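I opened this entry to record what I looked up in one structure.

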Amino acid sequence: MSKNRVLKEHNKIFLDWFKDTIFVNDNASEMLRKLADGPKRNVITWQGYDINKYSFYTKAQDEKSTMQNRGVILRAESQHFTSVHDDNLCVASISYFGFIEEI
């Protein structure tokens, strides 16, 4: 099996495997149980956030302002296969631009 196929299969089944493995293990730590339980959707949200002398606002909040500054950019690096026939990983740096919908 190629590395590409192994990685895709791993990504597809890991979360279910992790959850099943942790919840049957009586010795698993509380932290592992919380991780296996997955993210919670009932969280407190804000319309804006100040950090390191920068202010961030949600798109909805920023539309109320006369001076709008709601765009953000994130530069991320990740490993990719260059093609389905290549088993060598390469690191790619990709910029993502968008608007803040929730804080």
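The notes below go from the whole chain to single residues.

**Ground rules.** I am working with a predicted model, in which local features need pLDDT of at least 70 and side-chain atom pairs count only at pLDDT 80 or more, while totals for chains, interfaces and linings use all residues. Residues are numbered from 1 along each chain as its sequence is written, and side-chain values use heavy atoms, with hydrogens and water left out.

**Whole chain.** I looked up the secondary structure and found three helices and four strands. Helices (H or I, at least four residues) and strands (E, at least two) are DSSP runs, numbered from the N terminus. Along the sequence they come in the pattern α-α-β-β-α-β-β. I noted a radius of gyration of 20 Å, well over the 13 Å that the globule rule gives for 103 residues, so the chain is more spread out than a compact globule. That radius is taken over C-alpha atoms, and the globule rule is 2.2 Å times the number of residues to the power 0.38. The C-alpha trace spans about 55 × 40 × 20 Å along its principal axes.

I then looked up burial. Buried residues make up 10% of the 103 residues; buried means under 20% relative accessible area, exposed over 50%, and partly exposed in between (1.4 Å probe, protein chains only). The accessible surface of the chain is about 9200 Å², and 55% of it belongs to carbon and sulfur atoms. These areas come from the Shrake-Rupley method with a 1.4 Å probe; for residues, only the protein chains shown count as cover.

How do β1 and β2 pair? They run in the antiparallel sense over four bridges; two strands pair if DSSP finds at least two bridges between them. Ile-51 stands opposite Tyr-54 in β2. The hairpin has two residues between its strands. I checked the loop between β1 and β2 and found Asn-52 and Lys-53 there. Phi is near 50° for Asn-52 and near 65° for Lys-53, and both values are positive in residues other than glycine. Most residues other than glycine have a negative phi. Asn-52 counts as exposed because its relative accessible area is 65%. Lys-53 is also exposed, at 89%.

Tyr-49, Ile-51, Tyr-54 and Phe-56 make a nonpolar surface patch of about 400 Å². Like charges are joined within 9 Å, and nonpolar side chains (Val, Leu, Ile, Met, Phe, Trp, Tyr) within 5 Å. β1 (48-51) and β2 (54-57) each supply at least two residues of the patch. Tyr-54 counts as exposed because its relative accessibility is 56%.

**Two buried residues.** Is Thr-58 buried or exposed? Thr-58 is buried, at 2% relative accessibility, and sits in the loop between β2 and α3 (59-62). Leaving out residues up to four places away in sequence, Thr-58 touches Trp-46, Gln-47, Ile-100, Glu-101, Glu-102 and Ile-103. Contact means heavy atoms within 4.5 Å.

Asn-4 is in helix α1 (residues 3-24) and is buried, with a relative accessible area of 9%.

Technical notes
Patch = residues over 30% accessible without salt bridge, like charges linked within 9 Å, V, L, I, M, F, W, Y side chains within 5 Å. Salt bridge = Lys/Arg side-chain N within 4 Å of Asp/Glu carboxyl O.
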